[in-house]
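Hi,

Here is the structure I promised to pass on.

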Amino acid sequence: MDITNYVVLACILFAIGATTVLLRRNAIVVFMGVELMLNATNLVFVTFARIHGDLTGQVLAFFVMVVAAAEVVVGLAIIVTIFRTRRSASVDDVNLLHG
Amino acid sequence: MNDVIGYAPWLVGFPLVGAAVLLLGGRALDKWGHWIGVLASSASALLGGWLLFRMIGADPAERVADQRLWTWMSAGGLDVDLGLRLDPLSMTFVMLVTFVGTLIHFYSVEYMAHDPHRRRFFAYLNLFIAAMLVLVLADSYLVLFVGWEGVGLASYLLIGFWDHKRPNAVAAKKAFVMNRVGDMGLIVAMALLFAHTGALDFGTLFDAGDAGAGEGLAEATGAVSTLDQGTATAVGLALLLAACGKSAQFPLQAWLGDAMAGPTPVSALIHAATMVTAGVYLLVRSGPILDAAPTAQLVIVIVGTVTLIFGAIIGCAKDDIKKALAASTMSQIGYMMLAAGLGPVGYAFAIFHLLTHGFFKAGLFLGAGSVMHGMKDEVNMRGFGALRRVMPLTAWSMFFGWLAILGIPPFSGFWSKDKIIEAAFTGEGWQPWVFGGAALIGAGITAFYMTRLMTMTFWGRPRWTEPEYHPHESPALMVWPQVILAVGSIALGGVLAFGDVFTTWLEPSVGHVEHHEPVLSVPVLMGATIAVVVVGALVGYLMYRRDVPAEAPRGSVLTRAARRDLFQDTVNEGLVMKPGQGVTAVLVTADTGVVARGWGVLAVGLAGLGAWLRRAQTGYVRAYAASMAAGVLIIGAVIVLVATLGPTAGA
């Protein structure tokens, strides 16, 4: 079981997630990119926990999941609210805070 | 005196309380408040009279008493006690200020009867009396300075009493500002004294340590005897500057004429009888310092001489009765300064003349006020004439004041002014001839302009018409103070000169001096003085007895110059005001051009930078995410680089 495979897979997942966040306009899809990045890091946590025989990494992965679940609730609520007012889910339409 | 000095603070207390009550009492006191002022001043005068009799009753050696009231401030080596000094010199002033002051209070009740702000006027008068008493009763320079500033304030408030008229307000400001110049002198003198002796109270400075009071200042071995010549001269000149400001002496004399803008009782009390003589008081009080500084004394004598001629010349050309009297005041104080500068030989005469002058000049001013009262506040003497028929009591009281200021024996002025002229002729070398001669000529000019004033006002033909003006004698409350002052003008000098009563009386304060023989014999001088005076008076009478044109003729160059106060304002404006305005203009330009504009440019630059940087905030979430990602990447790259290269570089 080569550790490199796991880390590379995690990196690929993270890169896909980051690219999604940076390139896609749809807020839901951006959100999915965020989730993908979180899960990529979870994978790294679990991998290293397994290798070192230390449960701390796995515990942290659980924490990340819990926080992500909470974040999804809040994030989706915001997105739905924005969609209701602006009839659009594009992140580029929400630019009221520009300089 | 030590048993009764406990009452001395009340001298100041009565008028101070009076002023406070009148100022704080408000409109409720408008109807009868002035009687509070009169009462306060009278109480002070009565107490002063009682203290005077106690002092006369005391042994001459015990006539100087100091009372320490409380510690005012204590800072490092400087301990200033608030204290009063009661001695013959201050007692003389107390009597002059409270007695003449009370008479003028009574006079003002009627003079200001129709003024809506009479209560405020009396409050200021009381304030003045209190401040003046602090000035003369102070036992240290610092307490004296409090009174000094207090009378300056009262003077300012009273000159500008009718400040709804712009010239009056300007005159008040002018007096105040010019007095500040003099005050600088007093502050510098105090600083020098403190730096060199560490004390500011008269006891430490002037009195012998253990010999006690009564030795007289001439033999004093106080702290001033340790001053070296240069310091003493500097202190003396600084004190002279202070005296010039307060006493309207050359070159700070320009404010006095304008100060006549105030109500006439004020001109009589403050700008003739008392406050303007404070400079002379200061110099006489500082006698031991001046004795150690012959150069300063010489300068004082020169200033006095210049002013006495200067004022007399101006007095000859003024048609405004009050301004003529103001010029005369300036000139007479010049005599006092001259005497004070002569040293111990002159101190007593300076104070003596100050006292008699206080009476006859106050009387003359009150007379002028009475004339104005009857002539609808007209001050131009060209519109007067023959007023003796309609206001006989005023004319008689001014007549005696006139005889007194001329120095006709046996009236008051003769005894004091003649002594000053005599003293001016004392000494060696060129000085007695120059100063004595100037004093003698001054007496002649004085006779001329005072006779001119009297002739234009009371004698000759009337130049007013009956329906337009209705001159009448003033009410009793105005006439009686004039009469009492006229009695003083007649008798005071003779009574006090008889057997040298006054000079002996002042000895505990100014020291005893052996008589010096003048360069000419006394009878010759006396005769010359009287001759000059009579000639001056005759010329004045003959010139103005007949028709006086309603419009002033063009006159000679000197007349025109004198009408413009010998260009004192022009000189002040050219030398001080214009350059000052120039400096201000330059500073304003520098301020707007360099400072304000510099900061403006900086602010605009920062705003531009901000606007430019603002464009980085696009509002697009993805852009922020990209910058975050880039930042994380850079930080990661740096960490990797450091981790790889660091150990090698460190090794």
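Below is what I found, going from the overall picture down to single residues.

First, the ground rules: this is a predicted model, in which local features need pLDDT of at least 70 and side-chain atom pairs count only at pLDDT 80 or more, while totals for chains, interfaces and linings use all residues. Residues are numbered from 1 along each chain as its sequence is written, with chains lettered from A and ligands numbered from 1 in the order in which they are written.

On confidence, the model scores ipTM 0.85 and pTM 0.78. The stretch to treat separately is 210-220 of chain B, where pLDDT is below 50; beyond near neighbours in sequence, it has 29 contacts in the model. By contact I mean two residues whose C-beta atoms, placed from the backbone, lie within 7 Å.

Now the overall build of chain B. It contains 24 helices and two strands, both taken as DSSP runs numbered from the N terminus (helices are H or I with at least four residues, strands are E with at least two). Its C-alpha atoms fill a box of roughly 120 × 70 × 55 Å along the principal axes. If you take the chain B contacts between residues at least 6 apart in sequence, 81% of them join residues at least 24 apart. Of the 651 residues in chain B, 51% are buried. The cut-offs there: buried is 20 or more other C-beta atoms within 10 Å of the residue's own, exposed is 12 or fewer, partly exposed is in between, and the C-beta atoms are placed from the backbone.

The two strands go together. Strand β1 (65-75) and strand β2 (78-86) of chain B pair in the antiparallel sense over nine bridges, where pairing requires that DSSP finds at least two bridges between the strands. B:D66 has B:R85 in β2(B) as its bridge partner. The two strands make a hairpin with two residues between them, and B:G76 in the turn has a positive phi of about 60 degrees.

Next, the packing. A nonpolar core here is a set of buried Ala, Val, Leu, Ile, Met, Phe, Trp, Tyr and Cys residues joined through C-beta atoms within 7 Å. The largest one has 205 residues, and those with the most contacts inside it are B:L133, B:L137, B:V280, B:L338 and B:A362. A second, separate core of five residues includes A:A27, A:V30, A:F31 and A:V91. Back in chain B, and leaving aside neighbours within four places in sequence, B:V280 is in contact with residues including B:A243, B:I333, B:M337 and B:L354.

B:I159 is another one to look at. It sits in helix α5 (residues 141-159) of chain B and counts as buried because 29 other C-beta atoms lie within 10 Å. Beyond its neighbours within four places in sequence, B:I159 has contacts that include B:N168, B:A175, B:A259 and B:G262.

- The peptide bond from B:F250 to B:P251 is cis, with omega near 5 degrees, and B:P251 is in the loop between α8 (229-247) and α9 (254-258) of chain B.
- B:A248, in that loop between α8 and α9, has a positive phi of about 55 degrees although it is not a glycine. B:A248 counts as buried, with 30 C-beta neighbours inside 10 Å.
- The peptide bond from B:P409 to B:P410 is cis, again with omega near 5 degrees; B:P410 is in the loop between α16 (392-406) and α17 (412-424) of chain B.
- B:A386, in the loop between α15 (344-374) and α16 of chain B, also has a positive phi, near 60 degrees. B:A386 is partly exposed, with 16 other C-beta atoms within 10 Å.

Finally, chain A and the interface. The contact between the chains takes eleven residues from chain A and twelve residues from chain B. On the chain A side, they divide into seven nonpolar, three polar and one charged (Ala, Val, Leu, Ile, Met, Phe, Trp, Tyr, Cys and Pro count as nonpolar, Asp, Glu, Lys and Arg as charged, and the others, Gly among them, as polar).

Cheers

Methods
pLDDT = per-residue confidence, 0-100.
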